[in-house]
Amino acid sequence: MKDSRGKRRKLAAAALIVLLSVLTGCEEEQRTAAVQSEPVHLIWYQIGAEQPDGDLVEAQVNAYTREKIGVTVEIRPINFNDYNSRMRSIINTGARWDLAFSSSWANDYLEIAQKGALLSLNDLLPDYGEGLLEEIDDRFWKAATINGEIYGVPSQKEIGSMPMWVFTKEYVDKYDIPYEDIHTLEDLEPWLALIAEKEPDVVPLYLTGDFSAPTYMDKIIDPVGIEYGDETLTVKNVFETERMQETLRTLHRYFQAGYINPDAAVARDDRTVKRFVTKGDGQPYAETIWSNALGYEVVASQIMETQITNASARGALTVISRDCENPQKAVEFLNLVNTDLYLRNLLNYGIEGVHYTKVPAEPQELERCEGKRYIYDCKAHLLDNSGYSVSYYVQGGLFSTWVPDTDPLDKWDTFVTYNRDSVEAPTFGFDFDAKAVQNQISNFRIILDEYGPALYTGSVDPDVYVPRLIEKLEENGIQDVIDEMQRQIDSWRESL
């Protein structure tokens, strides 16, 4: 009897252990499921002003992305003027960030990649970014590749550098000016003289302190680079080229003739100033953007053939921190941003009915565009003072955004054609490793800031000031930079 009771107690104890084990396992599974149900949270730094309705849009973005892929984002905008310094501080101090805007002109892509701050995406893109690889032009990926590694997702937009003369249409119409035939700086001269004579309260050629004269060179490290079309790949100081010296002399002649505003070297763009022509960095249908910004209609002509350089093809990328804890989800999120029409337009335009409205495409326009790739059955009409207006290229590619109602329905197909027809500069794909000459380069910007605005606006005589500039650059080791760049260029060319 006693043995029987002992056996029963042992069996009961064993059963209890099994039950507790099962319950513990269930609880563990529940805890694991609870953890897995929590979304991955990403911090995303973007260039641009903080939006009054930014939190409202972000909340709607997160409701969508959480359901779609289990990701939420915290968007942290930084003003244009502060972006470089703030991102440099964030990266250098090891502060947390997951995604960030990068480019050739802000939060320099090459620089931060060479510092080791970015995550290589080579192994992640095939599994988590398949849509990105299918959608984005191969030449954007070529530009995003540094020493065989891809460190950023390009925003697919215009790929080339397209400097343009921007004319106020009022004066073009009034004097029947053949603006489409005006390309070089010298082509402007008779029309600048006409405006100076006929319109005394109009600045014929309006320039500001950040104006850059037409430059027929890929300046790999300003002012050092290779001239467009130079198949010998000879590295030069741009101020020693005949083309630049003639350009600066022409600008000075225009300044002396009164065609250029007297304060050009120190001026900041004042949209109230009446002007006949100025220079802009263009793209297809850029006239619409400029006209909206200025409040009056402009037309434009291309200064030179569009050139694809690393700098132009790196106009906008989103990079991922090397310390990102969830890189797979970060790539999956960027894949969704660039391939999901609803999400991309939510980020770009805000909330439909609050920040923009959809305008149905006209049947005849749909018929005209039949067979083209990026054709949607609506356009976007931005509502005035809506509280949400972001730079369209910051979060992702353009071709999955609704076309603004001020532009033709096949705008993005025109961009595709423009990109296809753009010419690759001889240096496209070459990256300069500046470590060996960093000390020499460090002073170039100071020297260029001292001389550049006055020279580029024609305010001083280039025959006097260019030799002084060249001398200062030589004193600071520009020949060392030229020699090192030439060595690397020659090695790169042999490897092709």
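Select Glu450 and Lys472 to begin: their side chains meet in a salt bridge, with N to O at 3.4 Å. Here a salt bridge is a side-chain nitrogen of Lys or Arg within 4 Å of a carboxyl oxygen of Asp or Glu. This pair links distant parts of the chain, since Glu450 belongs to helix H18 (residues 444-456) and Lys472 to helix H19 (residues 462-475), 22 residues apart. Helices (H or I, at least four residues) and strands (E, at least two) are DSSP runs numbered from the N terminus. Glu450 is partly exposed at 47% relative accessible area, and Lys472 is partly exposed at 30%. On this scale, buried means under 20% relative accessible area, exposed over 50%, and partly exposed in between (1.4 Å probe, protein chains only).

Before you go on, note that this is a predicted model, in which local features need pLDDT of at least 70 and side-chain atom pairs count only at pLDDT 80 or more, while totals for chains, interfaces and linings use all residues. Residues are numbered from 1 along each chain as its sequence is written, and side-chain values use heavy atoms, with hydrogens and water left out.

Next, pick Lys274 and Asp201. They form a salt bridge whose closest N and O atoms are 3.3 Å apart. Lys274 sits in the loop between helix H10 (242-256) and strand E12 (275-281), and Asp201 in the loop between helix H9 (189-198) and strand E8 (203-205), so the pair ties together parts 73 residues apart in sequence. Lys274 is partly exposed at 44%, and Asp201 is partly exposed at 48%.

Now move to Asp137 and Arg139, where another salt bridge has N to O at 2.9 Å. Is Arg139 buried or exposed? Arg139 is buried, at 15% relative accessible area, whereas Asp137 is partly exposed at 22%.

For a group, select Glu365, Arg368, Lys372, Lys379 and Asp410, which are linked in a network of salt bridges. A search of the whole structure finds 32 salt bridges.

Finish inside, with Phe333. Leaving aside neighbours within four places in sequence, Phe333 is in contact (heavy atoms within 4.5 Å) with Leu42, Trp44, Thr65, Ile69, Val71, Val73 and Leu99. Phe333 is also one of the residues touching the most other members of the largest nonpolar core, which has 76 residues. A nonpolar core is a set of buried Ala, Val, Leu, Ile, Met, Phe, Trp, Tyr and Cys residues joined through side-chain atoms within 4.5 Å.
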